[in-house]
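Visitor: I am new to this structure. Please show me how to read its features.

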Number of protein chains: 2
Amino acid sequence: MASRNMTRAAFFVLTALADQPRHGYGILREVEELSDGEVQLRVGTLYGVLDRLAADGLIVLDREEVQQGRLRRYYRLTEDGVAALDAEAERMAAGAGAAKRRIAEGRRATAPADTTPQPPTAPGLAGGFA
Amino acid sequence: MASRNMTRAAFFVLTALADQPRHGYGILREVEELSDGEVQLRVGTLYGVLDRLAADGLIVLDREEVQQGRLRRYYRLTEDGVAALDAEAERMAAGAGAAKRRIAEGRRATAPADTTPQPPTAPGLAGGFA
DNA sequence: TCGATATATATCGGCAGCCGAGATATTCTG
DNA sequence: CAGAATATCTCGGCTGCCGATATATATCGA
């Protein structure tokens, strides 16, 4: 029963875990770093997300370590997790592309007579979300 | 005080309005069409989103028409709306790219000795969200 | 003609999920 | 020694999505 709608927070947790297993606090820092400071995943959000992702089988507990007296609980992506993240990335890229294309269309409609011939970005009308 | 975190529903409403003004029900159909049936914006979601977007100044009421005895309330994007949608599309594309790149990194780490030299997708570590 | 479906608006209550705040504990830094 | 950083986790409030419902007209097939 996986594949409910993936939330933004879940997407970034999966992304942070995509290259290697990480523990909660490490995920927090990694999300901030990989988004160049744009996305700040909050502590209060994290554990709920982790629980849901584990329940959905997208991540599993990899191992537990005690580093310098502090417990670290490492999680890693499952195969389903990789697939779900990949699919979501695809959907996002498609959505972003659709938005960009339509913005251009909107500008063309209002634009002051553009002489430059527009290359056909998409053939049909619904030319490219999925 | 615009620019709170844009929700998925809001993103798709803005995208549907990006090429031309549309009325509520038309937005519903357009979102479904532009996403090739993948995204179904619900009626119960729509009007709340419309209100919030209008309050944030991202859309405005364009005009009201009575077509075949039925009221149609058309909305259109403001300049802020176009900018917000554009920025969000950029963020999504960057996020999708980051996820894809990291999935590839993860595979490389587990892969059975890949001989094909990997082209340097990104220079730095945080090489490309924003 | 009658019922179903499509078009079109809008509200409401339940539930999921994000986040600020706080609890707890250790280590590092000034 | 104090405060920040590292590390875990819980809870309550607020926002937002969605199913259900209400209302009304037009269209279309049986």
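Visitor: How many salt bridges are there over all chains?
Guide: A salt bridge is a side-chain nitrogen of Lys or Arg within 4 Å of a carboxyl oxygen of Asp or Glu. By this rule, the count over all chains is 24. This is a predicted model: local features need pLDDT of at least 70, side-chain atom pairs count only at pLDDT 80 or more, and totals for chains, interfaces and linings use all residues. Side-chain values use heavy atoms, without hydrogens and water.

Visitor: Which side chain does B:E30 meet in a salt bridge?
Guide: B:E30 meets A:R102, at 2.0 Å from N to O. B:E30 lies in helix α2 (residues 24-34) of chain B and A:R102 in helix α4 of chain A, so the pair joins two chains. Helices are DSSP runs (H or I, at least four residues), numbered from the N terminus.

Visitor: Is A:R102 buried or exposed?
Guide: Buried means under 20% relative accessible area, exposed over 50%, partly exposed in between (1.4 Å probe, protein chains only). A:R102 is buried, at 6%. B:E30 is buried too, at 7%.

Visitor: How are two packed helices described?
Guide: By the angle between their axes and the distance between the axes. Axes are lines fitted to C-alpha atoms over the stretch in contact, and angles run from 0 to 180 degrees between N-to-C directions. Here α4 (residues 79-110) of chain A packs on α4 (residues 79-110) of chain B at about 150°, with axes 8 Å apart. That makes the two helices roughly antiparallel (angles over 145 degrees).

Visitor: Which salt bridge does A:D86 form?
Guide: A:D86 pairs with B:K100, at 3.1 Å from N to O. A:D86 lies in α4 of chain A and B:K100 in α4 of chain B, so this pair joins two chains.

Notes. Residues numbered from 1 in each chain as written. Chains lettered and ligands numbered in written order. Parallel < 35°, antiparallel > 145°, perpendicular 65-115°, else oblique.
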